[in-house]
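Reader: I'd like a close look at one part of this model, the surroundings of the ligand. Could you walk me through that, and then through whatever connects to it?

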Amino acid sequence: MHNRGPGFTLAEEKIDDDSKGQKDMRHIMVLNAKGGCGKSTLATNLAVYFAREGRRTCIADYDPQRSSLDWLAVRPADLPAIDGVPGFDEGIRNVPRNTEVLVIDAPARVRGTELNELVRRAETILVPVLPSSIDIKACGHFMSELLEIGKVSRKQARLAVVANRVRENTLIYEELEGYLKDLKVPYIGSLREAQNYVRAYARGLGVLELPEYLAWPDWKQWKPIHEWLGSKRSQP
Ligand SMILES: Nc1ncnc2c1ncn2[C@@H]1O[C@H](COP(=O)(O)OP(=O)(O)OP(=O)(O)O)[C@@H](O)[C@H]1O
Ligand SMILES: [Mg+2]
């Protein structure tokens, strides 16, 4: 964890696991049962966005693979600080009390009760989907399951999908676009396949922190996602 000021004690910052009294904290989850679709990539880049906006930001990594926590461990100390907690181990009880935005990186293969439990933790859920036949089909099954969860059907959690690792002008991307546009869930953006994501992850950065001449196309693609997250549509 970064930049804990002097006088910090764990006890002071502990919050209940069920986040009682945390009305001001936003909980944004990146979720898809399919592995490797970009959950951790989206989660780390979202955390960077909010931290750069001056919001006190924390990542709760619910995946014992620890991709987000490993990323955080190499994040340069001179960049906007992001806290991290191992959600897979201890839930969110150790999230710093004054956190404004909690980004939750979910594990793959969550179903049933475990999925219900996770969804309970967020008001906003982003689902990344890859342009591949296997992923599109898996997304269909996952969406049906997600939309049946009470919290989602009652619109107490808002969902949106993001296409990830997109190569434009490919047939499979056209198929994915068509599929996502027909879903009853907002399709808020698409992110290209780019080495920038791989480079940024390895250095503890978000693509917003790469030089503009390299990353401007990615910045542009994130804009509608940031706008949706800033709008009332993304919150119950
Ligand atoms: N837009 C992108 N362009 C290029 N590579 C990407 C992009 N998004 C993700 N990747 C790469 O794809 C791989 C999987 O991404 P990531 O780890 O974010 O997925 P995940 O859904 O978190 O996986 P898991 O289900 O294992 O947790 C990583 O190597 C990551 O660097
Ligand atoms: Mg992951």
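Author: Here is a look at the ligand shell, followed by a few residues linked to its elements. Bear in mind that this is a predicted model.

Start with ligand 1, which has 19 residues around it. Closest in are G35, K39, S40, T41 and A108. Sorted by class, the shell comes out as 8 polar, 7 nonpolar and 4 charged residues.

Is V48 buried or exposed? It's buried, because 25 other C-beta atoms lie within 10 Å and 20 or more is enough to count as buried. Setting aside neighbours within four places in sequence, V48 touches L205, G206, L208 and E209. P80 is 32 residues away from V48 in sequence, yet their C-alpha atoms are 7.7 Å apart.

Strand 6 has something to show as well: R165 is found there, and its phi is near 60°, a positive value in a residue that isn't glycine. That's worth a glance because most residues other than glycine have a negative phi. R165 is buried, with 21 other C-beta atoms within 10 Å.

R66 also has a positive phi near 60°, but its place is in the loop between strand 2 (57-61) and helix 3 (67-73). With 17 C-beta neighbours inside 10 Å, R66 counts as partly exposed, whereas R165 is buried.

Note on methods: Residues numbered from 1 in each chain as written. Chains lettered and ligands numbered in written order. Predicted model: local features only at pLDDT ≥ 70, side-chain atom pairs only at ≥ 80, totals over all residues. Near = placed C-beta within 6 Å. Nonpolar A, V, L, I, M, F, W, Y, C, P; charged D, E, K, R; others polar. Helix = DSSP H or I, 4+ residues; strand = E, 2+ residues; numbered from the N terminus. Buried ≥ 20, exposed ≤ 12 C-beta atoms within 10 Å, placed from the backbone. Contact = placed C-beta atoms within 7 Å.
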